[in-house]
Amino acid sequence: MFTGIVEAVGRLAAVRQNNGAELRITAPFRAVKKGESIAVNGACLTVERVVKGGFTVHAVGTTLGRTLIGEWHKGQAVNLERALRASDRLGGHFVQGHVDGVGEVVRVVEAKDALLVDVRVPPEVAEITVLHGSISLDGVSLTVNEMTSSIIQVSLVRFTREHTTLGKLKQSDRVHVEADVLGKYVRQLCRSAQ
C-alpha cells in the first residue's frame, strides 16, 4: 500500500528484457531490503537485489501487459515511493500500486499558479472516477480538477512539478493510471447487488 506521495525521482541505470523486464534503478533510499515493495511510476514492484546506489526489480509478463514498463529505457527518470508503514502520515490517498491502465495526455496548459494536464483515461477508470476525487498518475496522488466522460484534468502545483516526473509531461505522453480503490469497491458492490 502506498500514498501517492513520491519520495524521490530515480533513474533506470539498466533495462534488460529477459522473460519479463529486469530493471536496475538508482535511488537515494537508505536501508532498502530485499523483498520490499517499491512503487515505480505507480507500479508496485518487489526488490530482488540491493545494489550500490539503488536496487533491482523484475516486472513479469502480466505487469508488462498493463503498464509501459516494456517501453522503458536506460536513463529514464521514474517516480519512486516506498511502501506505507502503519505509523506514517497518509498525505495522499490509498494507492495500491496496481496500475489499471495507460492514459494519454491530450492537453497541457500553463495556468497562473499551476500546470493543467488533461488525460484520456481507460473507460473502466473513467466510470469510477469522480470530480474532486483522487486518481494516481505515474504513482502521484492527484485530485480530479475537471472531467468529461473519458478525460480527467489534474492541476499540478509547483512542488509536484519540481519533485516528480509529471512536470515534464507534454501532449501525447502516456502515463500509468490507477483509479481510487474506493470507487473499485463501490462498483463491485453495485454489480453484486444487481
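**Entry 1: secondary structure and overall form.** I count helices (H or I, at least four residues) and strands (E, at least two) as DSSP runs, numbered from the N terminus. On that basis I find 4 helices and 12 strands in the protein.

**Entry 2: basis of the values.** The model is predicted, and local features need pLDDT of at least 70, side-chain atom pairs count only at pLDDT 80 or more, and totals for chains, interfaces and linings use all residues. Residues are numbered from 1 along each chain as its sequence is written, and side-chain values use heavy atoms, with hydrogens and water left out.

**Entry 3: burial and contacts.** I call a residue buried under 20% relative accessible area, exposed over 50% and partly exposed in between, with a 1.4 Å probe and protein chains only. Buried residues make up 46% of the 194 residues. Taking contact as heavy atoms within 4.5 Å, I find that, among contacts between residues at least 6 apart in sequence, 68% join residues at least 24 apart.

**Entry 4: cysteines.** I searched the whole structure for disulfides, meaning pairs of cysteine sulfur atoms within 2.5 Å, and the search finds 0.

**Entry 5: Gln76.** This residue is found in the loop between α1 (61-66) and β6 (77-82), and its relative accessible area of 17% makes Gln76 buried. Leaving aside neighbours within four places in sequence, I find Gln76 in contact with Gly10, Arg11 and Leu12.

**Entry 6: Asp100.** I placed Asp100 in the loop between β6 and β7 (101-110), where its relative accessible area of 24% counts as partly exposed. Not counting residues up to four places away in sequence, Asp100 touches Glu124, Val125, Val177, Glu178, Ala179 and Lys184. For one of these, Glu178, I also looked up the spacing: Asp100 and Glu178 are 78 residues apart in sequence, and their C-alpha atoms are 5.0 Å apart in space.
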